[in-house]
Amino acid sequence: MTKTCCQNNATDEKYQKLNKVIEEYKEKPGGLIPVLHQAQLIFGYLPKDVQIKVAEGLDLPLSEVFGVVTFYSFFSLKPRGKYTIGICLGTACYVKGAAEIVEALEKELGIKVGDSTEDGLFSLMVTRCVGACGLAPVLTIGEDVYGRLTPEMIPNILERYQ
Amino acid sequence: METFRFQVLICGGAGCISSGCKAVLTKFRSELKAHNLEDEVNVVETGCIGTCDLGPVIVIYPEGVFYQKVSVDDVKEIIEEHIIKGKLVERLHYQHPAFNEKVPLYNDIEFFKRQKRIALRNVGLIDPQVIEEYIAKGGYSSLGKILSKYTPEQVIEELKKSGLRGRGGAGFPTGLKWEFARKAPGDIKYVVCNADEGDPGAFMDRSVLEGDPHSVIEAMTIGAYAIGAHQGYVYVRAEYPLAVERLSLAIEKAREFGMLGDNILASGFSFDLEIRVGAGAFVCGEETALIASIEGKRGEPRPKPPFPAVHGLWGKPTLINNVETFANIPAIFQKGIEWFTKIGTEKSKGTKVFALAGKVHNTGLVEVPMGTTLREIIFDLGGGIPKGKRFKAAQTGGPSGGCLTEKDLDLPMDYESLIAAGSMMGSGGLIVMDEDNCMVDVARFFLEFTQDESCGKCTPCRIGTKRMLEILTRITRGEGKEEDIDLLEELANSIKSTALCGLGQSAPNPVLSTIKNFRDEYLAHIRDKECPAKVCQALLKYNISSEACKGCGLCARNCPEKAISGEAKKPYKIDQSLCVKCGKCLEKCPFNAIYLK
């Protein structure tokens with residue numbers, strides 16, 4: 001019982017935060033995308049309930065909110081792992097062997113691109129150019145950037161987060 | 001004002017941050033404190049110095065000594081030798097890959113010496129987080145001059161005379177764009193900066209926003225004055241959090257100093273800026289899609305005309321320029337039209353920033369006069385191709401452009417010559433490829449990109465690129481048919497002429513250009529089922545050299561498919577029908593007897 005109550009409290013707190021964000025952007029034209037960015041920061045992803053809340057708050061049809069969420073690759077309908085690994089598949093990274101890095105990560109984590117590990121620790125994503133082409137191939141984990149990668153380096157890098 | 005004996009510039013660009021420059025910076029500060037030198041040595045965290053491959057890099061003035069790959073452990077030595085004793089730390093100097101000599105001074109290094117920095121004039125030189133440093137370099141003087149002495153029409157006239165053209169891709173004359181927005185009827189107008197730098201392999205806009213954000217703010221304010229706008233937006237892609245952070249700080253500082261907001265510099269003119277962060281959609285770099293995204297909608301383009309200059313954000317006249325274009329403008333008004341028009345070629349004035357990446361020694365950002373040849377960029381500034389490999393091609397214009405080959409090495413890089421050579425300037429991505437890159441695979445890569453990023457609104461792009469990708473994929477798998485090349489060309493031409501926006505219209509370019517320049521390579525994949533560059537996995541076969549094989553049997557024991565057989569001490573053989581190309585044998589062979597063909 002206690003657990004449920006605290007979870008509810010935590011969720012309530014998140015919705016309170018969301019309401020504040022909605023209030024801030026309600027009168028601003030074109031506020032939907034900034035609100036969704038904030039909502040994803042608060043909840044980690046954008047489940048249906050959150051989308052409904054945003055739609056009601058900004059007085060937009062839910063279909064429009066859903067349309068925007070699914071259009072942009074940054075918004076996620078599924079919960080993501082604690083750490084999101086982004087492998088850059090920009091041109092510079094690609095010609096320098098990013099495909100092998102993807103393979104090594106998939107093998108090491110036992111998941112495919114777009115999925116999360118069962119322990120909820122890692123999500124594996126492919127990103128567009130992160131702009132660190134001089135260091136290609138590159139991957140990002142949260143705010144950290146790793147460059148000049150070889151497949152052999154992958155296990156060591158992952159270890160730092162386990 | 002305080003004076004320092006030394007200025008230590010530490011590159012805080014994204015590349016150097018990934019190489020660990022923050023720790024070097026902290027170490028510098030603590031070591032200087034330990035040596036009681038804080039009052040004599042000023043440490044500045046700058047934007048990208050440009051040599052991303054050599055990071056973390058630092059430059060120490062007054063001499064301008066350049067140190068590369070500086071680690072935390074090197075800091076003590078630099079302070080004790082260079083700062084205290086005046087002796088240079090030779091082992092950290094740059095060395096041109098082709099020569100043995102070390103080059104201690106920044107100004108003597110080919111990579112920097114041959115550059116002409118206008119858009120990047122302050123990047124890597126000033127602390128982007130300190131507005132006073134920008135002002136000390138002449139920043140906001142153009143804005144001051146314009147607000148006090150120029151009419152909006154004069155600003156536009158000057159800009160037209162400068163010959164500046166859009167640096168985001170198409171090269172449209174900037175002054176003309178401003179004039180259209182000025183002349184468009186309406187009380188409310190907007191200025192938008194397109195910082196949705198999506199071309200994979202280009203990062204000059206990021207570098208400007210991170211290293212010199214005030215130049216963009218100043219230029220946008222000038223633009224707003226010229227067209228009569230009071231609100232502006234900078235649309236930055238979500239992949240650039242540091243750019244957003246530095247730009248937000250710069251906007252705040254500019255407001256504090258009276259360069260933004262109400263009554264700018266007591267001129268009576270008001271203008272303010274807001275940042276809008278993208279959400280990961282390449283198509284939003286297209287101006288009408290970008291506008292839709294700022295409006296909070298799906299980033300889908302719409303047909304043009306009407307152009308944004310007439311019917312843009314919320315239906316109002318809108319001026320959209322790219323970051324690099326804006327960054328040129330304060331410099332043009334500061335130094336004058338005459339100075340600017342002397343740089344570059346007849347039709348392409350000024351400079352262009354290229355993001356040099358791929359198979360080249362010195363990767364990073366270079367800004368050179370328009371008309372510099374590809375050879376100079378790749379071999380003189382870039383230091384040539386690593387590992388003694390042969391130059392094969394350079395891709396310009398990203399997924400919308402095409403490739404240039406050996407015959408184009410002496411081509412002057414300007415808008416017209418690149419189009420004539422079947423490529424385009426684009427935003428300035430320049431990816432160098434060597435003999436180990438398969439051009440069919442590269443074409444497939446670009447199509448995969450554009451197909452994935454197609455917004456789906458128009459049929460030619462949504463379905464056409466998908467069909468092209470399928471054909472390219474089957475060619476790289478060895479399932480290509482003789483007629484595939486013709487089919488690709490036919491599809492490419494119809495998509496080019498019928499797609500709604502720039503993304504679709506230019507998506508077939510990499511395919512057409514690789515077919516034109518590397519038809520033999522396509523044919524090798526289709527007819528001979530071979531990948532000459534040995535990239536396409538499905539076309540590779542593992543073989544055992546009968547001379548090198550000692551018959552140890554290690555490969556056979558490790559083969560998961562039991563595809564290798566043979567007798568002890570005699571050469572082993574691989575049964576190609578069983579081989580799954582896992583590469584285990586190649587990995588295990590102690591005699592390097594296994595090769596790919």
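## A sheet in chain B

Let's start with a pair of strands: β11 (residues 351-358) of chain B runs antiparallel to β12(B), and the two are joined over 6 bridges. To find your place along that pair, look for L356(B), which sits opposite G364(B) in β12(B). Keep in mind as you look around that this is a predicted model.

The pair belongs to an open sheet of 5 strands in chain B, ordered β12-β11-β15-β13-β14, and the pairing in this sheet is mixed. Which strands are at the edges? They are β12 (364-369) and β14 (402-405) of chain B, and each of them pairs on one side only. On average, neighbouring strands here are turned by 30° against each other, if you ignore direction.

Now for some helices. Two packed helices are described by the angle between their axes and the distance between the axes.

| Helix pair | Angle | Axis distance |
|---|---|---|
| α6 (residues 141-149) and α13 (residues 323-335) of chain B | about 65° | 8 Å apart |
| α8 (residues 174-183) and α10 (residues 213-227) of chain B | roughly 45° | within 8 Å |

Take the α6(B) and α13(B) pair to begin with. Angles of 65 to 115 degrees count as roughly perpendicular, so α6(B) and α13(B) get that label. The crossing of α6(B) past α13(B) is left-handed. On the α6(B) side, the contact is made by S141(B), S142(B), K145(B) and I146(B), while α13(B) brings P330(B), F333(B) and Q334(B). Sort the residues of this contact by type and you get 3 nonpolar, 3 polar and 1 charged.

What about α8(B) and α10(B)? At their angle, these two helices are oblique to each other. From α8(B), the contact uses W178(B), A181(B) and R182(B). Facing them from α10(B) are A219(B), I222(B), G223(B), Y225(B), A226(B) and I227(B). The contact of α8(B) with α10(B) divides into 7 nonpolar, 1 polar and 1 charged residue.

## Over to chain A

How many helices and strands does chain A have? It has 7 helices and 4 strands. Follow the sequence of chain A and they turn up in the pattern α-α-α-α-β-α-α-β-β-β-α. Along its principal axes, the C-alpha trace of chain A spans about 50 × 45 × 20 Å.

Chain A has an open sheet of 4 strands in the order β2-β1-β3-β4, again with mixed pairing. Why do β2 (122-127) and β4 (144-146) of chain A each have a side without a neighbour in the sheet? Because these strands stand at the edges, each with a single partner strand.

Most residues other than glycine have a negative phi, and most peptide bonds are trans. A few spots in this model are worth a look with that in mind.

In chain A, the peptide bond from A136(A) to P137(A) is cis, with omega near -10°. You'll find P137(A) in the loop between β2 and β3 of chain A. In chain B, the bond from Y61(B) to P62(B) is cis, with omega near 20°. P62(B) lies in the loop between β3 (58-61) and β4 (65-67) of chain B.

Then there is R148(A), which has a positive phi of about 50° although it is not a glycine. R148(A) is in the loop between β4 and α7 (154-159) of chain A.

## Where the chains meet

Last stop: the two chains together. How many residues does the contact take from each chain? Chain B gives 49 residues and chain A gives 32 residues. Between them, chain B and chain A bury about 3,300 Å², with 59% of it on carbon and sulfur atoms. In chain B, the residues that lose the most area to chain A are A279(B), R298(B) and F445(B), together 18% of what that side buries.

Key
Residues are numbered from 1 along each chain as its sequence is written. Chains are lettered from A and ligands numbered from 1 in the order in which they are written. This is a predicted model: local features need pLDDT of at least 70, side-chain atom pairs count only at pLDDT 80 or more; totals for chains, interfaces and linings use all residues. Side-chain values use heavy atoms; hydrogens and water are left out. Two strands pair if DSSP finds at least two bridges between them. Axes are lines fitted to C-alpha atoms, for helices over the stretch in contact, and angles run from 0 to 180 degrees between N-to-C directions. Angles under 35 degrees count as roughly parallel, over 145 as roughly antiparallel, 65 to 115 as roughly perpendicular and the rest as oblique. A crossing is left-handed if the near helix is turned anticlockwise from the far one by less than a right angle, and right-handed if clockwise. Contact means heavy atoms within 4.5 Å. Ala, Val, Leu, Ile, Met, Phe, Trp, Tyr, Cys and Pro count as nonpolar, Asp, Glu, Lys and Arg as charged, and the others, Gly among them, as polar. Buried area is the accessible area (1.4 Å probe) that two parts lose on being put together, summed over both.
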